[in-house]
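Here's a quick tour of the pockets and a few packed-in residues of one model. Have the viewer open while you read.

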Amino acid sequence: MSIPEGLIYRLLATPTQVEGNHQNAVWRGLVGPVRGNETGVPMFIKHLLTQQALATELACGIAAQTFGLPVPDPALVICDVSDLSGMGGRPVGAELICFGSRMQFEDPVFGRQRGHDASAEEFVWARICGTPTGATGAAWDELVANRDRHTENVVYDGVKWWLLDHELALEPLAQVMARFADAVVHQEIIDYRAPENRLANQMLTRRPADHGLRSQPRRFAAGVKRLAVTMEQMRNWSTGDSRIDPILQLAEIIVRSIHARLPALALHLDARIGARDAKSLWNS
């Protein structure tokens, strides 16, 4: 089965490198789909070092779409290395497969208020925790065991908040996912909890009486069937490109892992809330 339109793109022109404290090189540029008629799609393009990281970003974006979460549309982007500033030393004509995330433009007023001083984190946390995305995002990070949520990977576009960057989701389980069918491994994937959930901790601190985390599993349960359909479709995705197909295969396994973890989401959130309450009592 061929892949859906809007999943594989090619970089159209030299992009602009994004400044900031990024773990990986990030650019802003225009891409065009390998299949389909859409042209000039603005995307953030991120260079990731492993197929696993690419697959994780792709899988989380695909799964998030099925739940209707504010995570930008994901893609793989074929890039000519010579177009990527800061990526010198590669042979002329060499190509990289990068991760693409459809660009969400930050509200300019918010961007000026965010600033870059010591109060920026407090500003962002206070605002996102006052919206429905606070609880939903915290539950999502629990579901995908994402320990890397911080104030630089959330964006407010003037209407809603967007959750970015999921390459470290389910990180310690990367080496066992290939054996997903193994019963022991399957249970290990279900049981794993990230060492921290920063957005959940912020919600529990700022809104202890009405954080809304316990109601989130019902919201995610509404998307279980859609996710099951998606992962069955992914099983047959193929491009014939040996650089891309292994990433798609890994992404399918990761989506299956997310699906397997859904029934345990309520338990994981209860454990997170209980651990926070116990810590509060200990420190009181």
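Is M43 buried or exposed? M43 is buried, with a relative accessible area of 1%, where buried means under 20% relative accessible area, exposed over 50% and partly exposed in between, using a 1.4 Å probe on protein chains only. Before going further, some housekeeping: this is a predicted model, so local features need pLDDT of at least 70 and side-chain atom pairs count only at pLDDT 80 or more, while totals for chains, interfaces and linings use all residues. Residues are numbered from 1 along each chain as its sequence is written, and side-chain values use heavy atoms, with hydrogens and water left out.

Back to M43, which sits in strand β4. Strands (E, at least two residues) and helices (H or I, at least four) are DSSP runs numbered from the N terminus. Setting aside neighbours within four places in sequence, M43 is in contact (heavy atoms within 4.5 Å) with Y9, W27, R28, G29, V31, A75, V77, G100, S101, R102 and M103. M43 and D80 are 37 residues apart in sequence and 16 Å apart in space, C-alpha to C-alpha.

Now the pockets. A pocket here is an open set of points on a 1 Å grid over the protein atoms alone, where a 1.4 Å probe fits, with protein on both sides within 12 Å along at least five of seven lines; lining residues have an atom within 4 Å of a point. Grid points are joined across faces, edges and corners, and the volume is the space filled by probe spheres set on the points.

| Pocket | Volume | Residues nearest the centre |
|---|---|---|
| Largest | about 1,100 Å³ | V18, H22, E152, N153, L164 |

Next up is helix α5 (residues 183-191), where V185, I189 and I190 are buried. Down the axis of α5, these buried residues fall within an arc of 140°, so they line one face of the helix; the arc is that of the directions from the helix axis to the C-beta atoms. A183 and V184, on the other side of α5, are exposed. At the start of α5, a side-chain oxygen of D182 comes to within 2.9 Å of the backbone nitrogen of V184.

H166, in the loop between β8 (161-163) and α5, is buried at a relative accessible area of 2%. H268 and I190 are 78 residues apart along the chain, with their C-alpha atoms separated by 9.7 Å.

Note on methods
A polar contact is a pair of N or O atoms within 3.5 Å; within protein, one must be able to donate a hydrogen and the other to accept it, and residues adjacent in sequence count only if both atoms are side-chain atoms.
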